[in-house]
Amino acid sequence: MGGASSSSSSTAYNPKVNTRQQQNQHLHNNSNRKPSLSIDSNSANEDNKSDYKLVIPTSISSPMKSSSSPHSPPPSSSSSPAPPPTKPSSFFPSFFRGGSSSNNNLYLTKDEEHLIASRMLVRNKSILYVMEYIYYGVPVKTKGTNTPHSPNKGSGLANDPDLVIMSIDADEILKQLVNNSGAGGKEAKRMSIDLKKEYSSYPESCVVDKYGDIFVSMDDAKSIEKRKISGIALNNLKFIPNTPDPPFIVGVTSASITIGWNATDEGTGLIDRYYVEYTELGVSNNSGYRALVTVNWARDDDLLYVLEGINPNSSFKFRIKCRNKLGWSDLSGDSLIGVTDAAPPNTPQKCFCTKVTSDSVHLHWHPPRDNGSVITKYQLRGKKVGGIFTTIYEGRDYKFLYCEVEAGVDYIFECKAINSCGKSSWSPSFTCPVPLITSNNKKLQNELNANLRKGHLWIECWDPKDDRVFYFHTITTKRELVAPPEFVQWRKEQNDSKNKNQEMEIEDPVKKFRMKRFRFFQTVRKRNGAGGKGETKVFEVNIRRPYLFTDTYNLFGKFQKSNLVKKFKIVFTGEEGIDSGGLTKDWYLGLSRALGVEKLKIFKASSAGGFEIHQESGTSEVALQKFKFAGMVIGKALFDRQFLDMPLSKTMYKLILGLEVGLNDLEEIDATMYKSLGWMMENSVAGILFETFSVEMEETLEDGKSKKKVRVALCEDGENREVDDENKGEYIKLMAEWRVKWSVNTQLEAFMKGLHILVGKDLLAEFSIVELELLFNGKKHIDVDEIRAYTIYQGDIKADSKLCTWFWQLITEMDMEKRMRLLKFCTGSDRVPLDGFDPPFNLTFGSDMDCEDLVRSHTCFNQIVIPGYKSFRVMREKIVFAIENCEEFVLR
């Protein structure tokens, strides 16, 4: 049981192993070493206690200063006898002594020898364990320490013969360093200070008591009991540890994740190390789990580790295994996924321009990493060289047409990104010389070519005419039928980022919905005989716009299925518009909005905002006919592939799909009742609520005006069953179902009857709630680049001409409400078709128009005609005036 010295290969001090990371690696590589014992194996036979023979060293500190290997056994009993100890009575523990204190002779029975040998065996094993597993790699001394946090401070333990106090032999380490470096004086003192920092991860001291229990004392020790290692349990250890529980997430920041795990040694302190692995989710180059850290539990107080220096909004999983002196356990299961917090965006790259003329600069910048929070807007600032920066743009788009430039002047531009967590730094400066006359700048063109090869500049579009996908470049307006490589790579990175918390790759939801919708339209038209003689007939529908609902309602009341499959041609009485598709779109939007008018009592806005069936609509024949009409309108719109403007509540969509509804759906349509039922669930109703399993409601009579109160039972004999604390859960469930569904079930059946005339129930069942919302109402968000992808140009203009550039810049600057108005002005609908415009969006130069005229539109052809405006400012004024003052296809 010799002490560690420079000649020992396993525990000798190595000045190169001087960092915590290197020490952990050293520990892991030498994890299966087994300590040797300094007790004669023949003298510790548990099966023959009467034959114990005690082998007592002459000094407890002598072996520790030996130059032999810590694994070498002590000298055998056959070697030359050791010199007698100087103070034998102070060496032997108190339980070694027999008789009175005045008797210095030792008289030990065989039982006492057996007891002493057993304790010495355990104690020696504990001492060797401290050397091998706690103070590995450094010299050890056994003299008592006298530092403020030592367990022996002020207790006289240093002179207690029942204790062995072990610590790093700092003098020996310093001596070796000085000898190797030849330093002295102040340099040696500096080395001494550095040593304390370098070896701060080692315990200040370890105390081994007469029972072999080990008490570890760190500089920041909180309690000796927390660091106790049981000597008996250590000696009786026969198995490797059980598999530990998975680690858990303690805390996260935007750049770190703190994990913790539970100790698995049941308080014995036998687990000396924990090995932690991690893997990052949602990265393309993920190679599985990697080593993170090896923690020495015998030295570290908290079972925690902080993974630092990671990106915001990154996802990780962890697992661990533990070790005792016999070996490693199996790896634990995976932890829960830890996700770092969001953070401000990264700094954007330098701006670049796609076109420079003598009076404008078309600037672009690439979106930076948003770090887990969507970028809400960009700020763009610019100045003349030598001038002062001013903000020239704020918005969500990452391009801007700057028209307030002077020819022959150099400008500097910078941008920053902003999300809910904060602002990024300003991007590097981009210098752009504005020419006196428009010409090609080769330097700028070279920079542009590199910037154009970015995946996010492409968008995937659907060609409804040819039923195929094409790819549109948002800057060059180039179209490709095959996905460009940079777009494929970019989409893969986006999918990895979105699905980082998912184990399996999920199908593109947009593509999946598009396929469902395509099959749906084909089947609906096929089942209703579309393509036959009936479809070729045009049915003229004359409507007075002020009475749009009434005229249509009266007309539909006479219709059969054969009438609904015909193509409608809408004529608004007293208006000049000719319907080639535009008036039909306008009619559907106006009619669907009328269905939500409160006084008609068909639909009303729910607590969450979507439409639900009106509670006061009643079940008269007239009321039910209105609901059937509403179903027919929606079915006809789906048959004609037209959009409505009637966002229903999620609960209403669930009822249409035939899904179950309950208490969770009540919150959306009646928040007040939801809160009341929630209170009942959590509180006693005894002596407070005097209700039965029934509900009172008003019923509208056949005349549509008179009402009477009726009581409806929620269950069999509900009028006579009182609500109490035992059955209130059933009452709450039945009450929620009644309010959400059964109170309007008659009206719902009438609505579904009208819808199913053209659209079968089985066809809608394939869609989710979100998909059904898209199918009915289309997309509310208007993407300018998506419109550009479906645009054709006529007249003396091209995609990169000044008028076109100004037009797209104007739409980009508009808020969503104005974009919807402009789209309705041009196409008759304020929604972008899910499958693109058919016919294409048409931007036409008005060669026969004066440069001060307002723009014109032909909604049937999705066409807007623009005069040759002289400036961007004039175009903005004319177009904004037109869309804000245009009503019913004429200017007010």
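**Close-up views of a predicted model**

**View A. Arg-545 and the ring of Phe-572.** Arg-545 sits over the face of Phe-572, 3.9 Å from the ring centre. A charge counts as over a ring if NZ of Lys or CZ of Arg is within 6 Å of the ring centre and within 35 degrees of the ring normal. Arg-381 lies over the face of Trp-426, also at 3.9 Å from the ring centre. The model is predicted, so local features need pLDDT of at least 70 and side-chain atom pairs count only at pLDDT 80 or more, while totals for chains, interfaces and linings use all residues. Residues are numbered from 1 along each chain as its sequence is written, and side-chain values use heavy atoms, with hydrogens and water left out.

**View B. The ring pair Phe-556 and Phe-629.** These two rings form an edge-to-face aromatic pair, 5.5 Å centre to centre with 90° between the planes. Rings of Phe, Tyr and Trp (its six-membered ring) pair if their centres lie within 6.5 Å; planes under 30 degrees apart are stacked, over 60 edge-to-face, and the rest tilted. Phe-556 belongs to helix α11 (residues 548-556) and Phe-629 to helix α14, so the pair ties together parts 73 residues apart in sequence. Helices (H or I, at least four residues) and strands (E, at least two) are DSSP runs, numbered from the N terminus. Phe-556 and Phe-629 are both buried. Buried means under 20% relative accessible area, exposed over 50%, and partly exposed in between (1.4 Å probe, protein chains only).

**View C. The salt bridge of Asp-785 and Arg-788.** Their side chains meet at 3.4 Å, N to O. A salt bridge is a side-chain nitrogen of Lys or Arg within 4 Å of a carboxyl oxygen of Asp or Glu. Both residues lie in helix α22 (residues 784-789), 3 residues apart, about one turn of the helix, and both are buried.

**View D. The salt bridge of Lys-878 and Glu-852.** The side chains of Lys-878 and Glu-852 meet at 3.7 Å, N to O. Lys-878 lies in helix α25 (residues 872-885) and Glu-852 in the loop between β32 (841-845) and β33 (856-858), so the pair ties together parts that are 26 residues apart in sequence. Glu-852 counts as partly exposed, at 45% relative accessibility.

**View E. Helix α18, residues 728-740.** Of its 13 residues, 10 are buried, so α18 is largely enclosed by the rest of the structure. Among the buried residues are Tyr-731, Leu-734 and Trp-738.

Notes. The expected span of a helix is 1.5 Å times one less than its number of residues.
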